[in-house]
Amino acid sequence: MTEAVLRTERLCKHFGGLAAVNEVSLEFFSDQVHAVIGPNGAGKTTLTSLLSGDLRCSSGCIYLDGKDIAGLSADRISQRGVGRSYQKTNIFLPFTVFENCRIAAQSRLPSSMRFIRPALAYREVMREAERALEQVGLAGRGQEPAATLSHGEQRQLEIAMTLATRPRVLLLDEPLAGMGSEDSARMVELLQQLKPSHAMLLVEHDMDAVFALADRLTVMVDGRVLESGTPEAIRASAAVQEAYLGVEEPQ
Ligand SMILES: Nc1ncnc2c1ncn2[C@@H]1O[C@H](COP(=O)(O)OP(=O)(O)O)[C@@H](O)[C@H]1O
Ligand SMILES: [Mg+2]
């Protein structure tokens, strides 16, 4: 078996007395979707924030390509190829679709590129932004204010902004949240296309999407991993049935 691109070892995050992420050890492989499911408050978003560097862990390790990245800033982690989309949108609505994407692409530039060769760097940034919009099917909408996009299209733009940083690892926190069935199907198709070139963490409540995409599935409850395995094994697990699957999530 090939080595995991991203791996956590006994990762913990405490908020005061609350262990939001508790001794979590997981692996993420290239060209695979690792879905993390669990009820509200299970620690899924906190886990995502630890992996992206938006939050600092209380203890444990995070290895990217075998190197511990647990102390690095979110910018550093992004520059090393980990891209994140947020549960709550990160889009700046008055700016155009293209501008949102361009700003995201710019954030990935090494600082030397930002100052030494601005013209060259700028062209590169423009290309990345265009490429990312094409990838998600929004190439024709670049000059529109982001506010004019539908909810589903805004979620696609969110993915494009993540792709503009050319990540190898994609951390997606509920990319289907609030979508109708048509938009959901389009997003699942997009994630399917992205799978062969990324290691993906997919936090998602839509079980049809999860089972359509996941190669590996982890169930979190109260900050802990309840179970982790193939989608078939998880579907068959009595403990998971009891704790989560089949129980409707209150919205
Ligand atoms: N910044 C924070 N400060 C204090 N508690 C937090 C913070 N972020 C999350 N929590 C708590 O941590 C637990 C896990 O939250 P979260 O990771 O958002 O869960 P999920 O994404 O699975 O719904 C919850 O009990 C939540 O209230
Ligand atoms: Mg969450």
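Is aspartate 65 buried, exposed or partly exposed, and how many other C-beta atoms lie within 10 Å? In this predicted model, aspartate 65 is partly exposed, because 14 other C-beta atoms are found within 10 Å, and a residue counts as buried if 20 or more lie within that distance and as exposed if 12 or fewer do. Aspartate 65 sits in the loop that joins β5 (59-64) to β6 (67-68). Its backbone deserves attention as well: phi of aspartate 65 is near 50 degrees, a positive value in a residue other than glycine. Most residues other than glycine have a negative phi.

A second residue with such a backbone is arginine 166, for which phi is also near 50 degrees, a positive value in a residue other than glycine. Arginine 166 belongs to the loop between α6 and β8 (169-173). With 15 other C-beta atoms within 10 Å, arginine 166 is partly exposed.

The buried residues of α1 include the leucines Leu47, Leu50 and Leu51. Lys44, Thr45, Thr46, Thr48, Ser49 and Ser52 are likewise among the buried residues of α1.

The overall division of the chain can now be considered. The protein is divided into domain 1, which consists of residues 1-81 together with 174-251, and domain 2, which consists of residues 90-166. The C-alpha centres of domain 1 and domain 2 are 25 Å apart. To the contact between them, domain 1 contributes 9 residues and domain 2 contributes 10 residues. On the side of domain 1 that touches domain 2, the elements that give two or more residues are α2 (74-79) and α7 (181-194). Of these, α7 gives the most, with 4 residues. By class, this side of domain 1 has 4 nonpolar, 3 polar and 2 charged residues.

Helix α7 also packs against helix α6 (residues 151-163). The axes of α6 and α7 come within 10 Å and cross at roughly 15 degrees. Angles under 35 degrees count as roughly parallel, and α6 and α7 are therefore roughly parallel to each other. Their crossing is right-handed. On α6 the contact is made by Gly152, Arg155, Gln156 and Ile159, and on α7 by Asp183, Arg186, Met187 and Leu190. An α-helix has 3.6 residues a turn, so residues three or four places apart point the same way. The contact of α6 with α7 has 3 nonpolar, 2 polar and 3 charged residues.

Helix α6 has another partner in helix α3 (residues 97-106): the two pack at an angle of about 30 degrees, with their axes 8 Å apart. α3 and α6 are therefore roughly parallel to each other, and their crossing is right-handed. Here the contact is made by Val97, Asn100, Cys101 and Ala104 of α3 and by Leu157, Ala160 and Met161 of α6. These residues divide into 6 nonpolar, 1 polar and no charged. Helix α3 is itself mostly covered, since 7 of its 10 residues are buried. Among the buried residues of α3 are Val97, Asn100, Cys101 and Ala104, each of which takes part in the contact with α6. Phe98, Arg102 and Ala105 are also buried.

The loop between α5 (118-136) and α6 contains leucine 138. Leucine 138 is buried, because 21 other C-beta atoms lie within 10 Å. Leaving aside its neighbours within four places in sequence, leucine 138 is in contact with Val97, Leu133, Glu153, Gln156, Leu157 and Ala160. Among these, Val97, Leu157 and Ala160 also belong to the contact of α3 with α6, while Gln156 belongs to the contact of α6 with α7.

Alanine 147 is likewise found in the loop between α5 and α6. Alanine 147 counts as partly exposed, because it has 13 C-beta neighbours inside 10 Å. With neighbours within four places in sequence left aside, alanine 147 is in contact with Leu93 and Pro94. Alanine 147 and threonine 96 are 51 residues apart in sequence, yet their C-alpha atoms are 8.2 Å apart in space.

How values were computed. Residues numbered from 1 in each chain as written. Chains lettered and ligands numbered in written order. Predicted model: local features only at pLDDT ≥ 70, side-chain atom pairs only at ≥ 80, totals over all residues. Domains from an automatic or database assignment. Contact = placed C-beta atoms within 7 Å. Nonpolar A, V, L, I, M, F, W, Y, C, P; charged D, E, K, R; others polar. Axes fitted to C-alpha atoms, helices over the stretch in contact; angles between N-to-C directions. Parallel < 35°, antiparallel > 145°, perpendicular 65-115°, else oblique. Left-handed = near helix turned anticlockwise from the far one by under 90°.
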